Amino acid sequence: MASPNTKANPAFYAVIALLVFMSVGPVILMFMNSFKLDVDIISGSSGLIFLPTIQNYEKALCDVLWYEPDHVDFCSLKFGGAFINSLIIALISTVLTLVIGCMAAYALVRFRFMGRDTVSLSTLMVRMVPPAVLLVPVFGLWNNEFCLDRDGLIGGAIRDTFGGRGDVCLAGTHSGIILIYVAMNLPFVIWILQSFIVQVPRSLEEAARVDGAGPFQVFFKVVLPLIKPGLAAAAIFTFRIAWNEYLLASALSDRDTRTMPILIVNNMSEFNVEWGVIMATGMLLAIPPIIFTLFASRQIITGMTAGAVKG
Amino acid sequence: MLTIRLENLIKRYGDVQVLHGIDLEMADNEFTVLVGPSGCGKSTTLRMIAGLEEVSEGEIFVDGKPVSHLEPKDRDLAMVFQDYALYPHMNVAQNISFALRLARRPKAEIEKKVREVADTVGLTEFLARKPGALSGGQRQRVAMARALAKDSGIFLFDEPLSNLDAKLRGQMRAELALMSQRVQKNMIYVTHDQIEAMTLADRIVVMHGGYIQQQGTPEELFKRPVNKFVAGFMGMPPMNFLDGEIVEHDGGVFVKGDGFDVQLIGEKAAKAQKHNSKQITLGIRPSDLAFEADAEPARALKLDVEVSEYVGAQSVLLCKCGPARVMVEVNSQTPVALGQTLTFAIDPGGVHLFDRNTEVAL
């Protein structure tokens, strides 16, 4: 506990100021640089005096703009496509993770079955494995094992619809990336939701059963509304990871399924690093998670179960 | 007719058996109270009737049909839980109508029923509130309203009043008694509070250690307990027990112990005479002792008054009789000084005898 006079201590404010500077500083730097020309950025004059320009944004968004900016000779960035890809992958993987996660967590908390403790423990252990370790085996599996024969019935149909040359594989598809994200985020989501489900009084479920609810109605009408804060927290977490993830996406995506973080890196080549465009894309990249978090965090209300049982 | 019959009901948790063959029959529209100390199996019995616990052995019949394999929702019952178990994300009206909405009743019917039930328990102005914004007593009412709205044949109560403060408990007890007269349903009520049991029940079932000790009307249990446990459990303050021996002298049958020698009369004397063991426990309720200075010594106890507890119109005197403690209920006007040795006459009808080893009433 901090006593009142530690708050008045100048060192306390100095530490706070330092922390704020450390967290907000890069964002401000990115924001300012996104309005500078590359020459201004590289010149090192980190002064506040420069001529703001939206050229970087124009270049980053060149494929979605309705007009053709003069300074862009060739639109190499597929911002729109990458944005949609990121959105599809992040949203679907978040939804899937939550749906599977809340059911798994409920089962782990409420049902007694063989190997329950093992499952509970190993979910957490799996979480400890760094995603980079998964990269090589998953890359191999997605490219070679989980494939549909190009001459087969389904594989042929898919190839006729979407084109392509070889067998139809998981690698390079949205599903491939979504699948690995779900696997990656599920343990944490199960773990976090377990702690929320434990707090739902058992007598509530019993009351619902007596009132005539079947197992699924108990889950969807009583348990789920009560763990909404947990779901929101888990959703923010999952969405953010899926949105930011670079390593796995870079290996598993192809030209059409590229996500935003990979698009940014594409601005670096051996000849040139387009800092301005990178900063502009970075700013744009930050917007959806912020909106998502603002929306989801509204669901995080404490004291959801207040008044359920004696108090 | 909606009778409930329990037949040799047994419950085991692993190797531990907590209910040892409960046989019980509850008639239509009867208010049955299961009462007993913590861990006696009363709540387990109720939860088995509700279908929330599995039956290890035996069968539950409702209206002659076995139901122990049915889900709770198929058993035509409503239950009020000890901790209320209200759905915190729904308001009072939604809580009350939850069962009806699950049953997909027409909207107008649900609305009418909610208003009707809310009116019965006095919740009309709170229908839009969430449980979190209600007081303990109001929450308890919501829990009861929810059960009432379901219109089931059987009502189960699992210690519904134990979370309320003493005053509110008394008030809710009275309301419950009124409600039970009005709705005329089969009610099974679990409590550890013998006063609740006495005031509410048509029939009391006293349980202890997973066995039914005795069942009957409140009066039967109070006046004719079958064993020492029931005698000590029913009634407040509890019955006094004095260990003694059956002796015969001066042409009468007496119970003689440390500090007392009480003559038995009538039927009791005959029973004591015939009883094969002389080791006996004498039981006398505090209310069956009356201060009477010139009482006949063979029909009275001489007690040293140690503590006097004033509780209003009555005072409870804690006295000593040899090594044993005896409680006496007297009118507060009785002039009693602590440390005095006084004579208290025993009401002849208030003498209970128990075998000291088996604790069974004679």
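Modeller: In this predicted model, helix α12 of chain A meets helix α15 of chain A through A:A232, A:A235, A:I236, A:F239, A:R240 and A:W243. Their partners in α15(A) are A:P288, A:P289, A:F292, A:T293, A:A296 and A:S297. By class, the residues of this contact are nine nonpolar, two polar and one charged.

Colleague: Why are α12(A) and α15(A) called roughly antiparallel?

Modeller: The angle between helix α12 (residues 228-244) and helix α15 (residues 275-297) of chain A is about 170°. Angles over 145 degrees count as roughly antiparallel, and the two helices therefore receive that description. Their axes lie 9 Å apart.

Colleague: How do you know how the radius of gyration of chain A stands against that of a compact globule?

Modeller: For 311 residues, a compact globule would have a radius of gyration near 19 Å, but chain A has 24 Å. Along the principal axes, the C-alpha atoms of chain A fill a box of roughly 75 × 70 × 35 Å.

Colleague: What makes a residue of chain A count as buried, and what percentage do so?

Modeller: A residue is buried if 20 or more other C-beta atoms lie within 10 Å of its own. In chain A, 32% of the 311 residues count as buried. The secondary structure of chain A comprises 15 helices and two strands.

Colleague: Which domains are assigned in chain B?

Modeller: The domain assignment gives domain 1 (4-233) and domain 2 (240-355) of chain B. The contact takes four residues from domain 1 and five residues from domain 2 of chain B. The centres of these two domains are 39 Å apart, taken over C-alpha atoms.

Definitions and conventions:
Residues numbered from 1 in each chain as written. Chains lettered and ligands numbered in written order. Predicted model: local features only at pLDDT ≥ 70, side-chain atom pairs only at ≥ 80, totals over all residues. Axes fitted to C-alpha atoms, helices over the stretch in contact; angles between N-to-C directions. Helix = DSSP H or I, 4+ residues; strand = E, 2+ residues; numbered from the N terminus. Parallel < 35°, antiparallel > 145°, perpendicular 65-115°, else oblique. Contact = placed C-beta atoms within 7 Å. Nonpolar A, V, L, I, M, F, W, Y, C, P; charged D, E, K, R; others polar. Rg over C-alpha atoms; globule rule 2.2 N^0.38 Å. Buried ≥ 20, exposed ≤ 12 C-beta atoms within 10 Å, placed from the backbone. Domains from an automatic or database assignment.
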